[in-house]
Amino acid sequence: IFLSSAFLVSDSSDSSRSRWVPIVAAQAVGLVCGIIGLRINSHLLPPAMLGVYGVFLTFAPIGAWVVHAGVAKYLVRYWESAPDRAQLARQAAKIWLRRLPWLVGGAILGAASLQRLIPGHFTSMAGALLLATACLALLSLMHNALQAERAHWQDFWISGWGSISRTILPPVWFAVSGGLVATLWWGFGLHALTTALLAVLIMRRYWRPNDPSTKAPPLPAVYQGSLFIVLSLMTWILTGINRWIVAGAYGEIEAGYFTLASSMAVIGVTMISNAWVQYTRPGLFALGDNNADQRRQLAGHTDRIALAYTAGALLALAGISQLAPWLLGWLIDPRYEPAFRWLLPSGCFAIAVNTMHFFHLFLLAAKQERASARPELITAAVLVGGGLVAALLSVRALMVWLTISPIVVWTLTRSRPGWTAMRSPAKLPKSAPLPND
């Protein structure tokens, strides 16, 4: 059903559907690894330990999703049309190096937070977090560049190894070491390091200058300033907030149940989102770069894309919820049966966050980057505030709130300034030249 709807809303100027093959293949590898991970994690990690590891994982993407967010968004928006990609790649790498000290603060903050759940591991956790955040930040820049130029097979090899190493290295190292706790986060750090090194090797053609005498101008202020850092910090908080809420309100064992349930939900809803974004994003940006008549089509096109994703993800989530009881024993350890009640709530919240991203892409395509701040921040505040209040009331209230969260996103995020401007010819954004022109 989802793939059928994809063809209905896909960009008609795209001459080949063959891009779906590597995109779907990458998500299929992730799906298989996710299923294997459910068995490995539920059998090798007790719920309390999985709860701690789940909270650790919320801090790992802070470099990719927050500190380097503006650079990543610039690459995904303008990489394909850049006149000198090698020059742009080296410029992005220099910004990554300059901002590495920022990640030290994030690693310390994460380790201090985890110290409350599992005392005595501050230095080890901070070191592993610093390694993981730095490597994942560099990896995100290279992923965005490859996806922007539609080099999906190259991106497939990186994503494939990333899925395999993330699934196997941390829990297996933990088991082989006899339950040494530090192997969980250092195993994840090793996964991030090896995946980033593979990406650097695959993109080696961009690291040598074509014309050493030229120098690329700096990235536009909107992509280097605080806007995307704040918005990405908001996304990062939304991605991890419910694990923090559950751990704080109901303890690390319940957080372990929530972590397993959210991992199962991600198999369906986020993998669909990743594939859908990769396929539709170039078409959205192409509409935004064309004439006024085509740019006016952006709003309706984005609505269809977001609606197709929401419908497909809800169907996938319903299927996972129905299938879950049959997985006990042979795939999931029976001690994790209480996790199943979190499947629908955690999955719906993931759908809500992913849907916000499609509306954000619309404003990037329309070159109205600053217009994304108000609606997205308001939506995030409502989602977080509602979750905190619901958790204080009861577990049931929190589950209901998470389940209806997609309605909140469609109500607060979709109907704001960008759509009004795009439907008004007088307010259409000018197609500004690229900074590298």
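Tutor: Let us begin with a term for the residues of a lining: Ala, Val, Leu, Ile, Met, Phe, Trp, Tyr, Cys and Pro count as nonpolar, Asp, Glu, Lys and Arg as charged, and the others, Gly among them, as polar. Please keep in mind that this is a predicted model.

Student: How do the residues lining the second largest pocket divide into nonpolar, polar and charged?

Tutor: That lining holds seven nonpolar residues, two polar and one charged. Its members include Val-55, Phe-59, Ser-113, Arg-116, Trp-236 and Trp-244. Two or more lining residues come from each of helix 3 (47-59), helix 7 (100-115) and helix 12 (226-250). Helix 12 contributes the most, with four residues.

Student: What is the volume of the second largest pocket?

Tutor: The general idea is that rolling a probe the size of a water molecule over the atoms shows where empty space is left. For the second largest pocket the volume is about 320 Å³, while the largest pocket holds about 440 Å³ of space.

Student: Which residues lie nearest the centre of the largest pocket?

Tutor: They are Leu-31, Ile-267, Gly-268, Met-271 and Ile-272, from a lining of 20 residues. Helix 1 (2-9), helix 2 (20-44), helix 13 (252-289) and helix 15 (298-323) each give two or more residues to this lining. The largest share, seven residues, belongs to helix 2.

Student: How many residues in the lining of the largest pocket are nonpolar, polar and charged?

Tutor: There are 18 nonpolar residues, two polar and no charged ones.

Student: Let us turn to the core. Which residues of the largest nonpolar core touch the most other members?

Tutor: The core has 140 residues, and those with the most such contacts are Trp-79, Trp-185, Leu-238, Met-264, Ile-332 and Trp-342. Helix 13 supplies the largest share of this core, 17 residues.

Student: What does Met-264 touch, if residues up to four places away in sequence are not counted?

Tutor: Met-264 is in contact with Leu-38, Ile-320, Ala-324, Leu-327, Ile-332, Phe-340 and Leu-343.

Student: Finally, how many disulfides does the count give?

Tutor: In general, a disulfide is a covalent bond between the sulfur atoms of two cysteines. Here the count comes to zero.

Student: Is Cys-33 buried or exposed, and is Cys-348 buried or exposed?

Tutor: The cut-off for buried is under 20% relative accessible area. Cys-33 has 9% relative accessibility and therefore counts as buried. Cys-348, at 5%, is therefore buried as well.

Note on methods
Residues are numbered from 1 along each chain as its sequence is written. This is a predicted model: local features need pLDDT of at least 70, side-chain atom pairs count only at pLDDT 80 or more; totals for chains, interfaces and linings use all residues. Side-chain values use heavy atoms; hydrogens and water are left out. On a 1 Å grid over the protein atoms alone, a cavity is a set of points where a 1.4 Å probe fits but cannot get out, and a pocket is an open set with protein on both sides within 12 Å along at least five of seven lines; lining residues have an atom within 4 Å of a point. Grid points are joined across faces, edges and corners, and a volume is the space filled by probe spheres set on the points. A disulfide is a pair of cysteine sulfur atoms within 2.5 Å. Buried means under 20% relative accessible area, exposed over 50%, partly exposed in between (1.4 Å probe, protein chains only). A nonpolar core is a set of buried Ala, Val, Leu, Ile, Met, Phe, Trp, Tyr and Cys residues joined through side-chain atoms within 4.5 Å. Contact means heavy atoms within 4.5 Å.
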